[in-house]
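Please keep the sequence and the structure in view while reading.

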Amino acid sequence: LSMNGFFLSDFPYQRDVGSVSMRKFLGMRPPGVHVIVCVHGLDGNSNDLRSFRTFIEMAAKDARLEFIMSEVNQADTFCDFSSMTDLFVNEVLHHIDAYNVHFDKISFIGHSLGNIIIRAALQRHEFEPLLDKLYTFLSLSGPHLGMLYNQNSLVSTGMWIAQKWKKSVSLAQLGLKDHPDPRETFLYQLSQGRGLSHFQNILLVSSVQD
């Protein structure tokens, strides 16, 4: 595997090697605040992406960052995506309003089905005022194409058990089993939206096993 780049840990701590590249990645300018929303995945919690927050804060020490570590859905990620999206939209807007956050950029980091919640939120009319401020979308192992043709037997078995045990609606939606007509399923309808087109940067990170 050949890859251009570096790890921050490869350099002495005293050298501010990460700031320039991270500043470019985040598109940071001194005057404005950059809001970064982190959304956990299936059966996760608000601490799952804390290491990403720590790295960004270390690499961009001079940036004005405001993190929102989503926690509103951590009690139940097995319900339907529409319900989780409703809660998530309210959570983000409430945080911005309650803390009077004035920002010029907003980015999202999602893990697993958290990415689907982010995409669904971008199509809600409540999020329209944010669309012109969208900057970076970092997707970590996001099931954007669903799990209909999943070839990993371990994952398929796990999903089957979770659906039987938890009566999971979200997993049924990821498997495109929420409607007899595939074009009427949640994921297909989501794919017809233009939410992601508003981002200046989109990074899809996953592994072959996913």
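## Contacts and overall fold

Among the contacts that join residues at least 6 apart in sequence, 78% link residues at least 24 apart. The model in which these contacts occur is predicted.

The protein contains seven helices and five strands. Read from the N terminus, these elements follow the order α-β-α-β-α-β-α-β-α-α-α-β. The chain has 210 residues, of which 42% count as buried. Its accessible surface comes to about 12,400 Å², and 54% of that surface belongs to carbon and sulfur atoms.

## Confidence in the model

The average pLDDT of the protein is 85, and 77% of the residues score at least 70. Among the elements, helix α4 (residues 114-122) has the highest mean pLDDT, 98, whereas helix α1 (residues 17-26) has the lowest, 50. Over residues 13-20 the pLDDT is below 50, and this stretch has nine contacts in the model beyond near neighbours in sequence. Where pLDDT is low, predicted coordinates should not be read in detail.

## The nonpolar cores

In soluble globular proteins, nonpolar side chains tend to be buried together. The largest nonpolar core of this protein has 36 residues. The residues with the most contacts inside this core are Val37, Phe81, Phe88, Phe103, Ile106, Phe108 and Phe127. At least two core residues come from each of β1 (33-39), α3, β3, α4, β4 (134-140), α6 (169-174) and α7. Apart from this core lies another, of nine residues, which include Leu49, Ile56, Phe67 and Met69.

Is Val37 buried or exposed? Val37 counts as buried because its relative accessibility is 0%, and the cut-off for a buried residue is under 20%. Leaving aside neighbours within four places in sequence, Val37 touches Ile68, Phe88, Val92, Ile106, Ser107, Phe108 and Ile109.

## Aromatic pairs and charges over rings

How many aromatic pairs does the structure hold? There are six aromatic pairs. One of them is formed by Phe108 and Phe199, whose rings are 6.2 Å apart from centre to centre, with 90° between their planes. This arrangement is edge-to-face, a term that applies to planes over 60 degrees apart. The pair links distant parts of the chain, 91 residues apart: Phe108 belongs to strand β3 (residues 103-111), and Phe199 to the loop between α7 (186-191) and β5 (201-205). Both Phe108 and Phe199 are buried. Together with Phe88, Phe127 and Phe137, these two residues form one aromatic cluster.

Two lysines lie over the faces of aromatic rings. Lys105 is placed over the face of Tyr135, at 5.2 Å from the ring centre. Lys133 lies over the face of Phe103, at 4.6 Å from the ring centre.

## Selected loop residues

Ser70 lies in the loop between β2 (65-69) and α3 (81-98). Although Ser70 is in a loop, it is buried, because its relative accessible area is 2%, and under 20% counts as buried. Not counting residues up to four places away in sequence, Ser70 touches Cys38, Val39, His40, Ser46, Phe88 and Glu91. Phe88, one of these contacts, is also touched by Val37.

Asp43 is found in the loop between β1 and α2 (50-59). Its phi is near 55°, a positive value in a residue other than glycine. Asp43 counts as exposed because its relative accessibility is 56%, and the cut-off for exposed is over 50%.

Leu176 lies in the loop between α6 and α7. The phi of Leu176 is near 55°, again a positive value in a residue other than glycine. Leu176 has a relative accessible area of 21%, so it is partly exposed.

Conventions
Residues numbered from 1 in each chain as written. Predicted model: local features only at pLDDT ≥ 70, side-chain atom pairs only at ≥ 80, totals over all residues. Heavy atoms only, no water. Phe/Tyr/Trp six-rings, centres within 6.5 Å; stacked < 30°, edge-to-face > 60°. Helix = DSSP H or I, 4+ residues; strand = E, 2+ residues; numbered from the N terminus. Buried < 20%, exposed > 50% of the residue type's maximum accessible area, 1.4 Å probe, protein only. Lys NZ or Arg CZ within 6 Å of the ring centre and 35° of its normal. Contact = heavy atoms within 4.5 Å. pLDDT = per-residue confidence, 0-100. Areas by Shrake-Rupley, 256 points an atom, 1.4 Å probe, with all protein chains shown as cover. Core = buried A, V, L, I, M, F, W, Y, C linked by side-chain atoms within 4.5 Å.
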